[in-house]
Each structure stands twice: as C-alpha cells, then as structure tokens.
Amino acid sequence: MAGLGFVPALGIIHTGTDRAFVYDIADIYKAEIAIPAAFDAVAEATGNPNVEVRRKVRNLVVEKRLMQRMVGDLKYLMDVPEHELYSDAELMLWSELEVIASGVNWAEETAAP
C-alpha cells in the first residue's frame, strides 16, 4: 500500500491504528476471499481450523490474482490516472541527525566466502 503512495494509517472507515486504510481495503474483498475460506475450512473439519483458513485464504489470493487486482482497484478508487504508476516525490530516510537518500544499500561490502 505504501509502495503505491497510500498511507496505511489514514483509514476512512477504520481509525485508530497504523493499518486503518489496509483494513478498509481488506473489507472490499472479505466477502469474496475470507468468508468463504472460513466457512469451507470449518465445513471440511480437517486439522486445525485456524491453519486451514489461512491456507485457504492464501490459495484464494493467489488463484484470484488478488494482489494484482488490488493495485488496479486502488488506482480506480483513488482516481489515479493509469499512466501514473508512482509518485514523483523524492523519497528520503530521516533520522534525528540527518536526512539520507532512500533506495541505497548501506550494507558493508563483504568478500564472498
């Protein structure tokens, strides 16, 4: 979500959490993905229902290509033109000491074993 330029904490319906907007968007797909997965897992009564629901949700997300659809749906809902994939904002990391360019691997170079 943040990778598309949306702020996960700025919810419309859900509030008071750092994932409020994520929960708002998840509600759009709940009836298609989560509810059927939960009912199917309980109806099958095999293994741990918590594990089975998570597995079924994961499989439905992949099968229905939900992540790809979400990008298009978010752009449509927020009226983002199709040709605008990313914001042109300059992304920076911030600390109390300085502002640092993002997108840089700051790891020390190490010799390969």
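I started at Asp79, which I found in the loop between α4 and β1 (92-94). For the elements I used DSSP runs numbered from the N terminus: helices are H or I with at least four residues, strands are E with at least two. This is a predicted model, where local features need pLDDT of at least 70, side-chain atom pairs count only at pLDDT 80 or more, and totals for chains, interfaces and linings use all residues. Residues are numbered from 1 along each chain as its sequence is written, and side-chain values use heavy atoms, with hydrogens and water left out.

Asp79 is not a glycine, yet has a positive phi of about 55 degrees. I looked up why Asp79 counts as exposed: its relative accessibility is 67%. My cut-offs were under 20% relative accessible area for buried, over 50% for exposed and partly exposed in between (1.4 Å probe, protein chains only).

Next I checked Arg65, in the loop between α3 and α4. Arg65 also has a positive phi, about 50 degrees, and is not a glycine either. With a relative accessible area of 52%, Arg65 is exposed.

**The core**

Which residues make up the largest nonpolar core? I got 11 residues in all: Phe6, Phe21, Ile25, Tyr29, Ile33, Ala37, Leu60, Val61, Leu66, Met70 and Leu74. The elements giving two or more residues to this core are α1, α3 (49-63) and α4 (66-77). A core here is a set of buried Ala, Val, Leu, Ile, Met, Phe, Trp, Tyr and Cys residues joined through side-chain atoms within 4.5 Å. In soluble globular proteins, nonpolar side chains tend to be buried together.

I then followed Met70, which is in contact (heavy atoms within 4.5 Å) with Ile25 and Tyr29, leaving aside neighbours within four places in sequence.

On α1 I noted Ala20, Phe21, Asp24, Ile25 and Tyr29 as the buried residues. What covers them includes α2 (34-44) and α4.

**Aromatic pair**

I found 1 aromatic pair in the structure. Phe6 and Phe21 form this pair, tilted, at 5.9 Å centre to centre and 45 degrees between the planes. The pair links distant parts of the chain, since Phe6 sits in the segment before α1 and Phe21 in helix α1, 15 residues apart. For pairing, I took rings of Phe, Tyr and Trp (its six-membered ring) with centres within 6.5 Å; planes under 30 degrees apart are stacked, over 60 edge-to-face, the rest tilted. Both Phe6 and Phe21 are buried.

**Pro8**

Pro8 is in the segment before α1 and is partly exposed, at a relative accessible area of 24%. I listed what Pro8 touches, not counting residues up to four places away in sequence: Met1, Ala2, Asp18, Arg19, Ala20, Phe21 and Val22. The C-alpha atoms of Pro8 and Ile25 are separated by 9.8 Å, and the two are 17 residues apart along the chain.

**Glu52**

Is Glu52 buried or exposed? Glu52, in helix α3, counts as buried, at 15% relative accessibility. Not counting residues up to four places away in sequence, Glu52 touches Ala41 and Thr46.

**Ile12**

My last stop was Ile12, in the segment before α1. Ile12 is exposed, with a relative accessible area of 64%.
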